[in-house]
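Q: I'm new to this one. Can you walk me through it, a piece at a time?

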Amino acid sequence: MFSKVLKTYTGRANAYYRNLSQKLPEFTKNVFDVSRGNYNYINDGHIHYFRRVLGTNRVITNPEDAKKYNVDWFSQVRGSSNLVVKPKTTEEVSKILSFCNENKLAVCPQGGNTGVNGGSIPVFDEVIISTELMNEIISLDEDSGVLVCQAGCILETIDNKAATKDLIVPLDLGAKGSCQIGGNVSTNAGGLRLLRFGNLHGNILGLEVVKADGEILDCLGTLKKDNTGYHLKHLFIGSEGTLGFVTKVSIQCPSRPKYINVAFLGLQNFNKALKTLKLLRYRLGEILSAIEIIDYCSMDFIKNVVGQLSPIGDYPFYLLIETSGSNALHNEEKLNSFLEESLQKALVLNGTVANEPNKVQDIWSIRENIPSGFQKVASKMLYYDVSVPLAHYYTIVDDVADYAKDISERVFGFGHIGDGNLHLHIQLKNDLTKEVKSNFDSFILEKIVTYKGSISAEHGVGFTKAKLMDKIKPPSTLKVMKDLKKLMDPNGILNPYKVFI
């Protein structure tokens, strides 16, 4: 009945919303090129419906209040939406999506908004559905190690909850204090300890998802073994909100390690880093939690932009190693034995080791502070999250450094070398432009194809890489993806302009 009443508003679309949404914000327009889809414009009747479902306080229409929901983590992608809705329950999400689907209103699912590819940012005037109020931890079974929660729970919050039962959430990110588990699932976030625990496809036991038409899909299992039919949860892990809206998550939590050691090592060259990596796996395999690599230019960036210094001086490459386990003596003996051998073989030149929590965090802050520096020079930054076979892991950094030598301040690479994930960054001398981005995209894409890598290792495709998909995926694969999108979301309202355009 109410939806029929809304049709009387069809000719009363608010001119403010219409004029605003027809243009991309200036920076986004200068760097990206996309046209608004054939969606209806938000009008007073739509807003009235959302207020009726959620109440006035959970519907934001003030442009100033909506600003933070329209800007990505690195301030490089900006949307034009002046409508943010904040459901608290799955049923409210269902009503919102059903209404938007019926009225052909595009929506943008948004969690903690810590992504770096524009996947959670509206491109035009999409209705932003924020999960920030969907933050209930529903249950934690300490016997099975299974935690169930709403999608808007902060990653650090659920890890702290798991810690009360000596368990750990098998995902750790630099943005853990603000990212949300629903967004982590939707992007299949990798993080710092994927080497130890694997990715989310192996750790998510079940999901509750709302389809584009509002139907609630209950796949919220808590069993570690269930082979009854298709594993539908995997459709939504990594699909970036384009196939369905994740509302609840069931995740397995292994036992929390009692003892943690970290080592920060200086190395002469990348070849030595590879040999050290091989030795690490051989000597420390069962207690390894993380292996991170940082090059000299990354450390120089931290020093000059963030103001943080290397604790061991300057070296061409650094490895940050973490071990964890239940026996302190065993862990320390194995780590010390590895360090002695690596020094004897001249693989490592210098290093420092820590096991006290504060000192461990100080060393980890070096790696975690690199992305925080990007926000200070965002208009001059280009960043790529790629996977590359280890033989070419740093070759591509050298390739880009040579290509960019005339227009860049520095080119640097760091990342999760333990799983082949490289974060490649270019700090330009001048502000980023559409032409410069297009040239770099083409060059790096060519190298990724040559080295048989991937244009997205853990951050997803989002908006910024969507136009590269037809160049990196086989036509048959891309066709199946698009067919699946059409089947799940016939009107294309879920997170348009993302994954592929």
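A: Two residues to begin with: tyrosine 49 and phenylalanine 99 are both buried. The model is a predicted one.

Q: What kind of aromatic pair do tyrosine 49 and phenylalanine 99 form?
A: A stacked one, at 4.1 Å centre to centre and with 10 degrees between the planes.

Q: And which helices do they sit in?
A: Tyrosine 49 belongs to helix 4 (residues 44-54) and phenylalanine 99 to helix 6 (residues 90-102), so the pair ties together parts that are 50 residues apart in sequence.

Q: What about phenylalanine 301 and phenylalanine 374, how do their planes lie?
A: The planes are at 50 degrees and the ring centres 5.5 Å apart, so this pair is tilted. Phenylalanine 301 is in helix 13 (residues 296-306) and phenylalanine 374 is in helix 15 (residues 357-374), so parts that are 73 residues apart in sequence are tied together by the pair.

Q: Are those two buried or exposed?
A: Phenylalanine 301 counts as buried because its relative accessibility is 0%. Phenylalanine 374 has a relative accessible area of 2% and is buried too.

Q: How many aromatic pairs does the structure hold?
A: It holds 16 aromatic pairs. There is also an aromatic cluster, made up of Phe270, Phe317, Tyr393 and Tyr394.

Q: Back to helix 13. Which of its residues are buried?
A: Ser298, Met299, Asp300, Phe301, Ile302 and Val305.

Q: What do they pack against?
A: Helix 15 and several strands: strand 10 (259-267), strand 11 (288-295), strand 12 (317-325), strand 15 (408-416) and strand 16 (421-428).

Q: And what comes just after helix 13?
A: Glycine 307, which has a positive phi of about 90 degrees.

Q: New topic: cavities. How many are there of 30 Å³ or more?
A: Three. The largest cavity has a volume of about 100 Å³. It is lined by 12 residues, and Gln76, Leu382, Tyr383, Lys437 and Thr464 are the closest to its centre.

Q: Where does the largest share of that lining come from?
A: From strand 14, with four residues. Strand 14 (381-387) and helix 17 (434-450) each give at least two residues to the lining of the largest cavity. Sorted by class, that lining has six nonpolar, three polar and three charged residues.

Q: What lines the second largest cavity?
A: Its lining is Arg36, Tyr39, Asn40, Ile42, Leu105, Ala106, Asp125, Glu126, Val127 and Tyr497. By class these are six nonpolar, one polar and three charged. The space in the second largest cavity is about 60 Å³.

Q: Pockets, then. How much space lies in the second largest pocket?
A: About 800 Å³. The lining of this pocket has 38 residues, with Gly238, Val461, Met469, Lys473 and Met481 nearest its centre.

Q: Which helices supply that lining?
A: Helix 11 (233-236), helix 18 (469-472) and helix 19 (475-488) supply at least two residues each. Helix 19 has the largest share, five residues.

Q: Where is isoleucine 237?
A: Isoleucine 237 is in the loop between helix 11 and strand 9 (245-252). It counts as buried because its relative accessibility is 4%.

Q: What does isoleucine 237 touch?
A: Leaving out residues up to four places away in sequence, it touches Val185, Asn188, Leu200, His201, Ile204 and Leu207. Its C-alpha is also 8.6 Å from the C-alpha of asparagine 184, a residue 53 places away in sequence.

Q: And arginine 193, buried or exposed?
A: Buried, because its relative accessibility is 13% and the cut-off for buried is under 20%. Arginine 193 is found in the loop between helix 8 (181-187) and helix 9 (194-197). Beyond four places in sequence, its contacts are Asp172, Gly198, Ser289, Ala290, Glu322 and Trp364.

Key
Residues are numbered from 1 along each chain as its sequence is written. This is a predicted model: local features need pLDDT of at least 70, side-chain atom pairs count only at pLDDT 80 or more; totals for chains, interfaces and linings use all residues. Side-chain values use heavy atoms; hydrogens and water are left out. On a 1 Å grid over the protein atoms alone, a cavity is a set of points where a 1.4 Å probe fits but cannot get out, and a pocket is an open set with protein on both sides within 12 Å along at least five of seven lines; lining residues have an atom within 4 Å of a point. Grid points are joined across faces, edges and corners, and a volume is the space filled by probe spheres set on the points. Ala, Val, Leu, Ile, Met, Phe, Trp, Tyr, Cys and Pro count as nonpolar, Asp, Glu, Lys and Arg as charged, and the others, Gly among them, as polar. Buried means under 20% relative accessible area, exposed over 50%, partly exposed in between (1.4 Å probe, protein chains only). Contact means heavy atoms within 4.5 Å. Rings of Phe, Tyr and Trp (its six-membered ring) pair if their centres lie within 6.5 Å; planes under 30 degrees apart count as stacked, over 60 as edge-to-face and the rest as tilted.
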